[in-house]
Amino acid sequence: MSESLLRLTAANLLKDLRLEWRSRDVFNSMLFFALLVVVIFSFAFEPTADESRRLAGGLFWVAFLFSTVVALNQSWARELRNGVLDAYRVSPSASEALLLGKCLSNFIFVGLLECLMIPLFVLFYNLNSAGSLWKLAVVLFLGTWALVVNGTFFAAMSIRTRNRELMLPLLLLPISIPAVTSMVAATTAVLTGESSPTIHIKLLGAYCVVFTAAGYAMFDMVLNAE
Amino acid sequence: MKPKIYSLLAVITLLLIAYGTFLALGNGHPESTVSLNKVDASRSPVTLEVDSTAGFAAGGRVVIDSTDPDARETEPVVAVPDDHHITVAKLEHTHGVASYFSVINKVPFSHQMTSPAPMERTMGDVQRIFYYHVPAATAAYTLFFLNFAASIIYLVRRSPAADRWAATAAEVGLVFSTVVLITGPIWGRVAWNTWWAWEPRLTTFLILWLLYVSYLVLRRAAEGASGSILAAALAVFAFLDVPFSYMANRLRGHHPPPITLEDPGMKYALMVNMLAFLLFAALIAWMRSDLERLARKISDAHIQKASRGAMACIALPALFVFMFQERQNLNPTHFMYAGYIAAWTIYSLYLIFLIAKRSRLKKEAAEVGI
């Protein structure tokens, strides 16, 4: 069973990656959106090097929260268009694999986006970190997963409602507030080097574990809700 | 049978609310005074020189307050010789070494039941918002927990009653938490000198409020059985979110200490109001749940009117003009009344909404023939 779950997840992941590689519409729109957010914030605040260390954590995660919402709506709308969800519902395969595959593929897209945006952030905001970089990498990893796992679940939920695309931010943002608070606090703690980010990272880790488990347990119900 | 219990419960609730409001609002016994002179501990009767003895009588008990909580004591009053002296049987501690100390009339329980809660010394009348604020918060938390429990039952059993109760609890809980979120800042403006502080409990409550607004939005956007399942899943997520939001915010900012009530008169007024408002919440939830059942019996296809928001559009800017003003010497009594009026405005608006909804549904039920 677990082996077949792994195989199914891998199949879903590969399918998403191949689709994205051929069309690239999600990634391109996400990239451009994040770029716009970064540029507009930089116009709006014009921070100095010292201020930007404090601001950057918040700006960075707000930019990614919004661009994740753009990407997630697209990722399920595509499945709906081609009738994949109905096909999946009648097939005997475990529906959790669909969620895990989608989470992983979205994680890869958003992760790639972050790798591309970080140099721009450093450039626009004159950033130089006072803390260690590997801690920043841990925060990035956990924070992205926290955004993506909840986002994928709630995107699956929102496409089943009447006003599809509009619903996702309304559901996702309130649930994500604690995660965003922890991410921003941890990032700011690393960048300014004034306090220890350990406790925020632990909290973020717990958030990831709890909400991954909750999403995994309830996805079948949401997919088959009639 | 059922309407009888219902109206009986309604009468009891209204009486309790009236009694609780009388206890909370009334101009409580001002039987506290200060003494300026130092007095030593003694086994024999001691006479204290105080500002005024109005309300004090021989045979009662007084609380002799001190900045040091260990030195606080309660002693019987032996005599009240004149307008500026009280004689107590003994003193365990020395008082008034550094500054003046307070002497408070300790009211016996029978007297507590008829006399309103005393005035809080530092905050004044505005502290009385507390008697509406805390019961509303307790009711909101209870209803949100009921929403979670009903959602779990719905996910396991798929019973329509559980779903109806989940929807009801979320909506009524939102009304009570709105009262909490409005009375809180009115109190905070006087007590903390700011409308809003990013304090863990406030922030957690605000996030909770946002979560349940999104829950109701989801309920409206997705109808039928699939909507119920989605809403139940969201309710579980919302419940899991609460400890994280509390932790995340506790690590972030300053943390004013929670309020503790020491005076028995205050505790009694709070208990009465707590009972009154929990009953009130149960009553409204019951009424709302009956309406929900009627509404589902008729049909799910209702287009809601959007005009309700228009009033807020006019009222809110006016409120902000008032809130932006930098003012000193705020009158706590005015803020107390503002808190009570705000709470009742929300409650009555919701009740009017329920009554209007009921008459509309009754009419539709008659048309359909249920």
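Here are some notes on the two chains of this predicted model, with the cut-offs given as the terms come up.

1. **Ground rules.** Residues are numbered from 1 along each chain as its sequence is written, and chains are lettered from A, with ligands numbered from 1, in the order in which they are written. As the model is predicted, local features need pLDDT of at least 70 and side-chain atom pairs count only at pLDDT 80 or more, while totals for chains, interfaces and linings use all residues.

2. **Chain B overall.** You will find nine helices and six strands in chain B; these are DSSP runs numbered from the N terminus, with helices (H or I) of at least four residues and strands (E) of at least two. Chain B has 370 residues, and 36% of them count as buried (20 or more other C-beta atoms within 10 Å of the residue's own; 12 or fewer is exposed, in between is partly exposed, and C-beta atoms are placed from the backbone). Among the chain B contacts with a separation of 6 or more, 78% join residues 24 or more positions apart; a contact means C-beta atoms, placed from the backbone, within 7 Å.

3. **The cores.** A nonpolar core here is a set of buried Ala, Val, Leu, Ile, Met, Phe, Trp, Tyr and Cys residues joined through C-beta atoms within 7 Å. The largest one has 135 residues, and those with the most contacts inside it include A:Ala146, A:Leu204, B:Leu143 and B:Phe176. Helix H4 of chain B (residues 160–191) gives this core its largest share, 17 residues. A second, separate core has 10 residues, among them B:Leu48, B:Val88, B:Leu91 and B:Ile104.

4. **H3 and H4 of chain B.** Two packed helices are described by the angle between their axes and the distance between the axes. Helix H3(B) (residues 130–157) packs on H4(B) at about 155 degrees, with the axes 7 Å apart; axes are lines fitted to C-alpha atoms over the stretch in contact, and angles run from 0 to 180 degrees between N-to-C directions. The pair is therefore roughly antiparallel, a label for angles over 145 degrees. Their contact has 21 nonpolar, seven polar and two charged residues (Ala, Val, Leu, Ile, Met, Phe, Trp, Tyr, Cys and Pro count as nonpolar, Asp, Glu, Lys and Arg as charged, and the others, Gly among them, as polar).

5. **The loop between them.** B:Arg158 lies in the loop between H3 and H4 of chain B. Its phi is near 55 degrees, a positive value in a residue other than glycine. B:Arg158 is partly exposed, with 13 other C-beta atoms within 10 Å.

6. **The interface.** Between the chains, 27 residues of chain A are in contact with 26 residues of chain B. On the chain A side, the elements giving two or more residues are helix H7 (164–192) and helix H8 (198–223). That side has 19 nonpolar, five polar and three charged residues.

7. **H7 and H8 of chain A.** The axes of H7(A) and H8(A) come within 9 Å and cross at roughly 150 degrees, so these helices too are roughly antiparallel to each other. A:Ala186 of H7(A) and A:Leu204 of H8(A) are among the residues making the contact, which divides into 10 nonpolar, two polar and no charged.

8. **A:Met218.** This residue lies in helix H8 of chain A and is buried, with 22 other C-beta atoms within 10 Å. A:Met218 touches B:Ala233 and B:Val236, not counting residues up to four places away in sequence. A:Met218 and A:Glu96 are 122 residues apart in sequence and 8.9 Å apart in space, C-alpha to C-alpha.

Key. Contact = placed C-beta atoms within 7 Å. Parallel < 35°, antiparallel > 145°, perpendicular 65-115°, else oblique.
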